[in-house]
Amino acid sequence: MTPAPVSSRPSDPAAPAAAPSPNRPSLAVPPLVGASIAELTDWVKEQGQPAYRGKQLHQWIYQQGARSLEDISVFPKAWRQTMAAVPVGRSQIHYRAVARDKTVKYLLKLSDGQIIETVGIPTAKRLTVCVSSQVGCPMACDFCATGKGGFVRNLTRAEIVDQVLTVQEEFGRRVSNVVFMGMGEPLLNLDAVVGAVRSLNEDVGIGQRNLTISTVGVPGRIPALAAHQLQVTLAVSLHASNQSLRETTIPSAKHYPLTALLDDCRAYVQETGRRVTFEYTLLAQVNDTETHAAELAGLLRGFQSHVNLIPYNPISEVDYRRPSGDRAQDFLEQLEELGIAASIRQTRGLDADAACGQLRASHLEVDSDSSNLAAVD
Ligand code: SAH
């Protein structure tokens, strides 16, 4: 019998690579961002390097922000030069828009030239990153700027993790929370999203409970996410208190009735032990009346959940209106009186651009019309 290895200090470069989570999807490496210590170790060994270089590479990618293997000064010079063209998987900052409340919206340019939006939202205690999971989105929700632009492609795990590293470096402080509420429908890109969640947790060091995946609902995908047994928060974009109303703003709702969606959410709570958040974008006169609040409360009665009310951010393509602050407050109070836990999402960064997806759209069309944008780059 081989003796058990002597336990080594965490800083020991000869320490064995940490075992990856049992259900962490395996990654094609490179690009290197999004890879675990074990995957990086396998890769350096394939390149004829000693195993401990995997751990060094991991540290340089996730803690030092290396953008090229050439930057990694602890590696032998000759190897660094041979490997200079290996893609680490970092994007370029194409544009920054800084809001008065210090929220920063970034347009990031990917290796194929595609542009995505990422947002850094600071408070005294937290730094939250709103990440995109796709370039564009195929769901076409009527009030969503991204949906109006159509779908281009899924993001890779590297491209999702890169967004968080970019905001962390830009703000010079650790990211505490990540919400998958940028461009795209995360559950249509489940493998990359689950891989990114694992990497953000194990490689970047963010607690799973500080990660939120937001979905409008894709048949079969909430159970598929639940099977991964993550401790992330699931946020479901409800936006309506009944099926026919939901179909008017969310075309995909026709193929996924509210009853089936809510059954899947109940099963998710059962399987993961995590509460579900329901997002409800308030559209004046469309879904924000007393009747809607009462109907919503009826729909969610007895459900272990929390309702997050999002006052609509106007987009140019449609003429929905944002309800007044008083109306939003009344809707909230009515829900609470009916026993439903709820809150109003504070709108951040409204002066940097109107809504999610809007910055990218305006920038792709008229590059110089940035009257309400503070360009730093
Ligand atoms: N595809 C995911 C993530 C979308 S963005 C989902 O549908 O959940 C995150 C949230 O912002 C969603 O609830 C989305 O419906 C909402 N949203 C989109 N456009 C909006 C707008 N103009 N005003 C307010 N909320 C909006």
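Which residue is the bridge partner of asparagine 308 in S12? The partner is serine 343. This is a predicted model, in which local features need pLDDT of at least 70, side-chain atom pairs count only at pLDDT 80 or more, and totals for chains, interfaces and linings use all residues. Residues are numbered from 1 along each chain as its sequence is written. Helices (H or I, at least four residues) and strands (E, at least two) are DSSP runs, numbered from the N terminus.

**The sheet**

- Ten strands can be traced in the order S1-S2-S3-S4-S7-S8-S9-S10-S11-S12, an open sheet of 10 strands with mixed pairing.
- Strand S1 (92–98) and strand S12 (342–344) stand at the edges. Each has a single partner strand, so one side of each is left without a neighbour in the sheet.
- From one strand to the next, the twist averages 20°.
- Two strands pair if DSSP finds at least two bridges between them. Strand S11 (residues 305–311) and S12 are joined by 3 bridges and run parallel.
- Strands of a sheet pair through backbone hydrogen bonds, either parallel or antiparallel.

**Helices H1 and H2**

- Two packed helices are described by the angle between their axes and the distance between the axes.
- Helix H1 (residues 37–46) and helix H2 (residues 52–62) have axes that come within 7 Å and cross at roughly 125°. Axes are lines fitted to C-alpha atoms, for helices over the stretch in contact, and angles run from 0 to 180 degrees between N-to-C directions.
- H1 and H2 are therefore oblique to each other. Angles under 35 degrees count as roughly parallel, over 145 as roughly antiparallel, 65 to 115 as roughly perpendicular and the rest as oblique.
- On the H1 side, Ile37, Leu40, Thr41 and Val44 meet Arg53, Gly54, Lys55, Leu57 and His58 in H2. Contact means C-beta atoms, placed from the backbone, within 7 Å.
- The residues of this contact divide into 4 nonpolar, 3 polar and 2 charged. Ala, Val, Leu, Ile, Met, Phe, Trp, Tyr, Cys and Pro count as nonpolar, Asp, Glu, Lys and Arg as charged, and the others, Gly among them, as polar.

**Buried and partly exposed residues**

- In H1, the buried residues (20 or more other C-beta atoms within 10 Å) are Ile37, Glu39, Leu40, Thr41 and Val44.
- H2 is included in what covers the buried residues of H1.
- Tyrosine 52 lies in helix H2. Tyrosine 52 has 16 other C-beta atoms within 10 Å, so tyrosine 52 is partly exposed, which means between buried and exposed (12 or fewer).
- The C-alpha atoms of tyrosine 52 and isoleucine 37 are separated by 9.8 Å, with the two 15 residues apart along the chain.
- Glycine 48 follows H1 and has a positive phi, near 80°.

Notes: Contact = placed C-beta atoms within 7 Å.
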